[in-house]
Amino acid sequence: MTVHQLSRRDARRLAVRAQLLGRERPAGLMEMVRGLTAVQLDQTAAVAPNADLVAWSRLGSSYSPAELAEALATLELLELRGFARPSESLVLFRAEMEAWPGTGPLLDWQEYRRDWVKANEGCRLDILERLRQDGPLVMRELPDTCVVPWKSSGWTNNRNVSQLLEFMIQRGEVAIAGRDGRDKLWDLATRVYPDEPAIPIEEARRIRDGQRLRSHGILRVKGESCPGEPLDAGVAGERAVVDGVRGEWRVDPELLGQPFAGRTALLSPLDRLVYDRKRILELFEFDYQLEMYKPVAKRRWGYFALPILHGDRLVGKVDATSDRKAGVFRVDAIHEDAPFSKALSTAVHRELQDLAKWLQLHLVVKS
């Protein structure tokens with residue numbers, strides 16, 4: 001069996017190229033989303049919502065957020081598991097939806113979810129009927145007739161309708177049909193999803209693993225648990241080892257040996273290139289955490305610091321904020337992991353100017 005021997009540089013270039021962050025940019029939004037497989041929809045807008053920032057990093061200032069809104073509104077892209085996905089990928093999730101809450105012996109938490117939904121069968125049917133008559137609707141317009149409240153030690157405690165909708169979307173009964181501002185619009189799945197037969201679960205997982213590996217270039221066989229979109233490749237691709245890094249990796253052999261031409265880019269903290277902090281530490285030797293949930297005094301780089309990609313290296317972070325009220329894109333600090341050359345400093349400032357222009361804000365860099 002083939003085992004590919006890679007240097008860290010080989011692995012980094014494979015990852016950057018697969019994530020469409022090389023010099024050659026995708027032709028447009030749909031080509032980008034299909035290349036990345038999925039783009040996380042997070043509305044935190046310290047700089048810009050994640051999906052828009054991911055698109056800007058790859059497409060440049062020719063990209064307009066209206067393109068993403070239009071693709072979601074026309075269902076060219078579907079919102080599923082917190083990600084925007086091409087509508088044709090829905091067939092890869094149908095079998096899991098039909099098998100909810102899972103196949104084989106159920107774990108305790110799966111049984112609890114199944115029993116809770118069953119206990120609130122009346123509310124589930126009420127929601128379906130309301131959507132059938134008046135959908136799409138925002139969540140506050142849906143009835144809460146649950147007889148057993150949802151119990152949780154977290155923020156979902158007693159949030160009956162939102163929790164029931166989450167399980168109903170996992171069951172393939174309802175779907176997100178778009179947004180009214182920041183609010184999701186809910187409708188019957190039959191009105192939203194393409195009418196295509198399900199692909200069997202194991203085959204669908206194999207295809208999804210292959211797509212995920214192709215969009216990342218190199219992944220662990222088994223990664224840390226991650227809601228919405230895993231961080232591993234399963235057994236997709238072929239085995240690889242990386243010099244100086246312990247453990248086994250998987251690579252898409254079709255991506256090996258391709259020429260690399262890098263550029264400078266500013267990334268969202270939720271960008272999939274940097275989302276797996278262990279992976280970027282191992283391959284890029286880049287220390288990074290999203291610090292928005294940390295007390296101000298404990299932050300090293302800032303509330304929503306943007307990682308800086310230069311070629312095949314992650315070289316620093318930008319502490320920046322979009323202040324819409326003041327009309328400025330404020331850069332409080334540029335953290336250099338190692339001193340920047342004059343050329344690198346120029347490239348970073350060029351990206352900051354381009355980002356500010358795209359945001360339609362005035363750039364202010366703290367000296």
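The model is predicted, so local features are reported at pLDDT of at least 70 and side-chain atom pairs at pLDDT 80 or more, while totals for chains, interfaces and linings use all residues. Residues are numbered from 1 along each chain as its sequence is written, and side-chain values use heavy atoms, with hydrogens and water left out.

**The helix pair**

Select residues 50–59, helix α3, and residues 342–359, helix α12. Helices (H or I, at least four residues) and strands (E, at least two) are DSSP runs numbered from the N terminus. The axes of α3 and α12 come within 12 Å and cross at roughly 130°; axes are lines fitted to C-alpha atoms, for helices over the stretch in contact, and angles run from 0 to 180 degrees between N-to-C directions.

Next, display Asp 52, Leu 53 and Trp 56 of α3, which meet Glu 351, Asp 354, Leu 355 and Trp 358 of α12 (contact means heavy atoms within 4.5 Å). These contact residues comprise four nonpolar, no polar and three charged. Here Ala, Val, Leu, Ile, Met, Phe, Trp, Tyr, Cys and Pro count as nonpolar, Asp, Glu, Lys and Arg as charged, and the others, Gly among them, as polar.

**The largest cavity**

Remain at α3, which supplies three residues, the largest share, to the lining of the largest cavity. On a 1 Å grid over the protein atoms alone, a cavity is a set of points where a 1.4 Å probe fits but cannot get out; lining residues have an atom within 4 Å of a point. The volume of this cavity is about 50 Å³, a volume being the space filled by probe spheres set on the points, which are joined across faces, edges and corners. Select its lining residues, among them Gln 19, Asn 50, Val 54, Arg 58 and Asp 271. The lining divides into five nonpolar, three polar and three charged residues.

**Backbone features**

Move to Trp 100 and Pro 101, joined by a cis peptide bond with omega of about 10°. Pro 101 lies in the loop between α5 (94–98) and α6 (108–119). A cis bond also runs from Gly 135 to Pro 136, with omega near 5°; Pro 136 is in the loop between α7 (121–134) and α8 (160–170).

Finally, select Arg 81, in the loop between β3 (77–80) and β4 (83–86). Its phi is near 55°, a positive value in a residue other than glycine.

**The second largest pocket**

One further stop is the second largest pocket, with about 590 Å³ of space; a pocket is an open set with protein on both sides within 12 Å along at least five of seven lines. Of its 24 lining residues, Arg 17, Ala 18, Leu 20, Gly 35 and Leu 255 are the closest to its centre.
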